[in-house]
Amino acid sequence: MTNVREEWLKKAISDGHITCINYNKFSVPIVIGIGGFGKVLKYELSDSELTAALKCLKVDTSLDEKLLHHLRLI
Ligand SMILES: Nc1ncnc2c1ncn2[C@@H]1O[C@H](COP(=O)(O)OP(=O)(O)OP(=O)(O)O)[C@@H](O)[C@H]1O
């Protein structure tokens with residue numbers, strides 16, 4: 001079965017809606033907060049002076065199934 005989430009991400013990156021930065025550019029993370037959708041982590045970027053806060057979203061694999069079910073109904 002096609003991974004809907006992966007295909008969606010690839011398209012969003014190739015269409016320029018999401019900027020993709022290689023994960024090895026980020027330092028070891030420090031957890032700085034927790035929200036409803038996941039943890040927020042602080043990173044330094046290796047090739048710049050930038051500090052970044054990234055949210056690591058919780059994975060809900062049932063979303064793929066719900067989306068596929070919805071698409072079958074259309
Ligand atoms: N850019 C940031 N810089 C510093 N700390 C941050 C940053 N973004 C989030 N945090 C910390 O992480 C915590 C959770 O942030 P988050 O955005 O996940 O909150 P939320 O809006 O309640 O979550 P959600 O949108 O998932 O429901 C914040 O309360 C804050 O302490």
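Author: A residue is taken to be near a molecule or strand if its C-beta atom, placed from the backbone, lies within 6 Å of it. The model is predicted, so that local features need pLDDT of at least 70 and side-chain atom pairs count only at pLDDT 80 or more, while totals for chains, interfaces and linings use all residues. Residues are numbered from 1 along each chain as its sequence is written.

Around the ligand stand Ile32, Gly33, Ile34, Gly35, Gly36, Phe37, Val40, Ala53 and Lys55. By class, this shell holds 5 nonpolar residues, 3 polar and 1 charged; here Ala, Val, Leu, Ile, Met, Phe, Trp, Tyr, Cys and Pro count as nonpolar, Asp, Glu, Lys and Arg as charged, and the others, Gly among them, as polar.

Strands are DSSP runs of E with at least two residues, numbered from the N terminus. At least two residues of the shell come from each of β1 (30–35) and β3 (51–57), and β1 gives the largest share, 4 residues.

Strand β2 (residues 38–44) runs antiparallel to β1, with 5 bridges joining them; two strands pair if DSSP finds at least two bridges between them. Within this pairing, Ile34 lies opposite Lys39 of β2. The two strands β1 and β2 make a hairpin with 2 residues between them. On to β3, strand β2 is joined by 7 bridges, again in antiparallel fashion, and Gly38 has Leu57 of β3 as its bridge partner. A hairpin is formed by β2 and β3 as well, with 6 residues between them.

Lys55 belongs to strand β3. It counts as partly exposed because it has 13 C-beta neighbours inside 10 Å, the limits being 20 or more other C-beta atoms for buried and 12 or fewer for exposed, with C-beta atoms placed from the backbone. Residues up to four places away in sequence aside, Lys55 touches Gly35, Phe37, Gly38 and Val40, where contact requires C-beta atoms, placed from the backbone, within 7 Å.

Val31 is exposed, because 10 other C-beta atoms lie within 10 Å. Its contacts, leaving aside neighbours within four places in sequence, are with Lys39 and Leu41. From Val31 to Lys55 the C-alpha to C-alpha distance is 9.7 Å, across 24 residues in sequence.

Notes:
Two residues are in contact if their C-beta atoms, placed from the backbone, lie within 7 Å.
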